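Subject: Structure handover

Hi,

Here is the structure we talked about. My notes follow below it.

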Amino acid sequence: MTQRTRNLLLLAPAGTWFLVMLIVPLTVVLVFSFGERGASGGYVPAFTLEQYANLPARWAAFKNTLILAPVGTLAALVIAYPLAYYLAVLASPKWKTMLLVLVIVPFWTSILIRSYAWIFLLGGRGIPALLAMIGIEDVRLINTPFAVLVGIVYGYLPLMVFPIFVSLDRLDKRLLEASSDLGATRIRTFLQVTLPLSLPGIATGSLLVFILLMGEYLIPALLGGGKVFFVGNALVDLFLQSRNWAFGSAVAATLVIIMLISVTLYMRLISKLGAQREDVSLM
Amino acid sequence: MQRDDKPITKKQFMEELYRYKKGSVSRRHFLGVTGLGMATAVMGAAVPGLRPRPAFAAGDIGDRVVLATWPNYHDPANFEAFTEATGAYVQVNVFGSNEEMLAKLQAGATGWDVFVPTNYTITTYVGEDLIEPLDTSLIPNYDPKAYDSRFSDAGSVDGKLYAVPKDWGTTGFVVNTKHTNGVKVDSWKQFFDMTKNEFSGRTMVHDYQLTTIGNALKYFGYSFNSVDEKELADAEKLLIECKPHLFAISSDYQPSIRNGDAWMSMAWTGDGKQLNNDMPEIAYVLGKEGGEIWSDYYAVPKGAPHRAAGYALINFLLDPQVNAKEVLAHGYPSADAHTNALLPEELLNDPILYPAQELLNALEFGAAVTLTDPNRAELMARFKSA
Amino acid sequence: MRLYSIFVYLFLYIPIGVIAIFSFNAGRHASQLQGFSTQWYGKALNNPFVMDALQTSLTVAFFSALFASLFGTMAAVALQGIKGPLRTVFDGLIYIAVMIPGIVIGIATLIGLVTLFDLINPAIAAVWPEGVTAPKLSMGMGSLIAAHTMFTMALVVIIVRARLAGMDRSLTEASSDLYATPMATFRQVTLPLILPGVLAGFLLSFTFSFDDFIIAFFVAGSETTLPIYVFSSIRRGVTPEINAIGTLVLAASLIMLVTAQILLRRGEKRKT
């Protein structure tokens, strides 16, 4: 057996899997997106651009997603970075692993159940009740975009902390010492040494969170009270309520295209920023 | 209250015997209600040869049956009893809307053996060839004469029986009377007007096009089922005006009403009953303009993988003894006279389950067209994403 | 900085605490505390639906993690030695697989497989001997495992490849210089080096599959996984049973983690 045959054989199961479970489904979505909705739902073959022409009807969903996904990613980054920095640079080595594990543990309870805890915390008997005790009355938190944002940050924080921690952990502490020995202020050291070196971690974490947020359904459904509507929610409704497979496929295809463009652009940007550093990407 | 562990009075015994003779109740039912079943069972346990056989020998119908139904809609003890009697284990799938059930069936091969569609959807299922005509010989407990025809008619399409009634109910709203300052709330007009004013941020509407759009249509006095463009446009305007004032768009309203976050919500009979039981300040209101009355059915999808077990389950759940326990658990009225005969008097007179006739008269059954009308679906999507 | 970290940990753990506290609630409703009780644990453990869903979730997670780590590793190893268009195609597929949101995977798999089954089922029925009911392909555990495997396999390829990339090439070269067969080289040199990556991939796949809701929501047919069960319970009338389940799952993962940690430490000690 030549090496090439062997490699091809090794590749065959994965290749078949991708063919049946990725290429075929995506092709069907693309084909359906040019079709029509049947009289009582489903799909009827046709060739029309009607579904794409109808996309503005979901403009609000795209707008919400395209605002809240980057904002959520940024919020998670801002909250995660100092923690990752603390864990990687400041925490005593003895506790480091333990503390890191503690960041990941909440991730093991279903996101459904964790969001449910937030329904209680943000609801009238949770934080607003505590605020009322100190005289701040009638604060409404649950079922607002803010609640969704909290849920997002809470849900995906570990995904952001972890890669940043890894990149900061590899950072040679002597660099920091050298920088301060050379009289750089702490802020300058941070901006000129630490931050650039942690860029790969930031890039990976942000990408992971962003991808997940773009398709988010559960958190807006549970914490947004059905009023905060993402593309994910629009898709679920199109397939499970109005059964408009053709339009649903067009929305799904558009989402994939937006993802392809934004992720590719993002990776270009990151690799330009970190041109001389080690390659930053998922792969 | 007639429970099987309580001795029956002489008068009741005679009544039941009469009904049994007439043939309107089954032998099992008769034995069960009168306590003779219990006596037989006790004797049977003592004398091994007399031990009652399960209605189906275990294994006959397979080891499981899959039921697609609504949340909080059954007495789990009944499923255990079914498993005990037949050896088939009941797997329950819970759904949020008729649209979702239809969507899953249209997508093909759900694995369901029995599901619970609402009256207005049945013609669509028949038209789409998704459900089979029922084989009545497999459901001897179904006695068509015992049903109030208002709640069983929709089960037949073109003279063929496709579905048998489970229970019925209404769609009104619950309101926390602690916050109404004594004002009597009795209309959809008030529901939406209060939402925009004193109840701002405290109202919930269903995440369900039929009821949310239907009740908004009632605000203007239009038909609950309207698909008229102008009327739908009015309803949409109202809903979008109300949206910033809503607490949530969700069919899961019990928790929010219970913890006081929401003060008012569109609601179904059983939820109204359950809430009112636990919190007397929660009133269940039917809008005087009208609204929805509905009836849920049992049906068998085409190609059900455990068809025999599906029929056995339907038959079991239609047994008045079993059905009465179901009603006590879910709080929706049954249209079956046999079942009602077993229910306590105060439940049969409960104004939440059995609203006054003039209120009922104004209600409409959902129409099939609303299920498939793309405009209503799109309206709902615009409202939710607005 | 330390204070800040404490705040973040509080943020992370208060909701977990709330879940745990309410799991001991005596009352029926998840939002009103009414005394202490462990009854919900008993109820959850005795609820056949919960146990069924748990079993389904574990089965699906195990098999998709198994397939994903097996085929993913095979692919990663093969891709080392492949260049040209095939490599580009594969890279593209992996890129797309990890980048597509779960919800699109769920929907696409649903309509893709339904369409595929509609084509295949009549064909099977046609060639099947008469009188015997032909098997019918349908959505269910198989399609769910397949969908989870597709996504997690891409992750495994990425992880194992990162491991392979960090591997010293001269090792395999040395091995073949010493006339070891390719198989022996793989077993004795490559595999031990990539094994941590494969294991990490397995665990990640397992976790992903066990926790996935949105793909299963579309693809699971009549199967109910634990997240689907929890979702339909949350939809209406949550009882503290859900909290009990969540607390139990968390406790089980913690125990697994601690055990793994202890085992790893022991293994490391033995090595040194």
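How many residues does the contact take from chain A and from chain C? It takes 58 from chain A and 61 from chain C, where contact means C-beta atoms, placed from the backbone, within 7 Å. On the side of chain A that touches chain C, α1(A) gives the most, with 16 residues. By class, that side has 49 nonpolar, seven polar and two charged residues. Here Ala, Val, Leu, Ile, Met, Phe, Trp, Tyr, Cys and Pro count as nonpolar, Asp, Glu, Lys and Arg as charged, and the others, Gly among them, as polar.

Some ground rules. This is a predicted model: local features need pLDDT of at least 70, side-chain atom pairs count only at pLDDT 80 or more, and totals for chains, interfaces and linings use all residues. Residues are numbered from 1 along each chain as its sequence is written, chains are lettered from A and ligands numbered from 1 in the order in which they are written. Helices (H or I, at least four residues) and strands (E, at least two) are DSSP runs, numbered from the N terminus.

Chains B and C: the contact takes 19 residues from chain B and 19 residues from chain C. β2(B) supplies the largest share of the chain B side, four residues. That side has eight nonpolar, nine polar and two charged residues.

Now helix α8 (residues 182–211) of chain C. It spans only 38 Å between its end C-alpha atoms, whereas a straight helix of 30 residues would span 44 Å (1.5 Å times one less than the number of residues). A kink of about 55° lies at C:L191, shortly before the proline C:P192. The bend is the angle between axes fitted to the seven residues ending there and the seven starting there. Among the buried residues of α8(C) are C:T190, C:I194 and C:G197; buried means 20 or more other C-beta atoms within 10 Å of the residue's own.

The largest nonpolar core has 252 residues, of which A:A84 and B:L313 touch the most other members. A core is a set of buried Ala, Val, Leu, Ile, Met, Phe, Trp, Tyr and Cys residues joined through C-beta atoms within 7 Å. Leaving out residues up to four places away in sequence, B:L313 touches B:V65, B:L67, B:F82, B:V90 and B:V114. A second, separate core of 13 residues includes B:W294 and B:L363.

Best wishes

Conventions: Buried ≥ 20, exposed ≤ 12 C-beta atoms within 10 Å, placed from the backbone. Contact = placed C-beta atoms within 7 Å.
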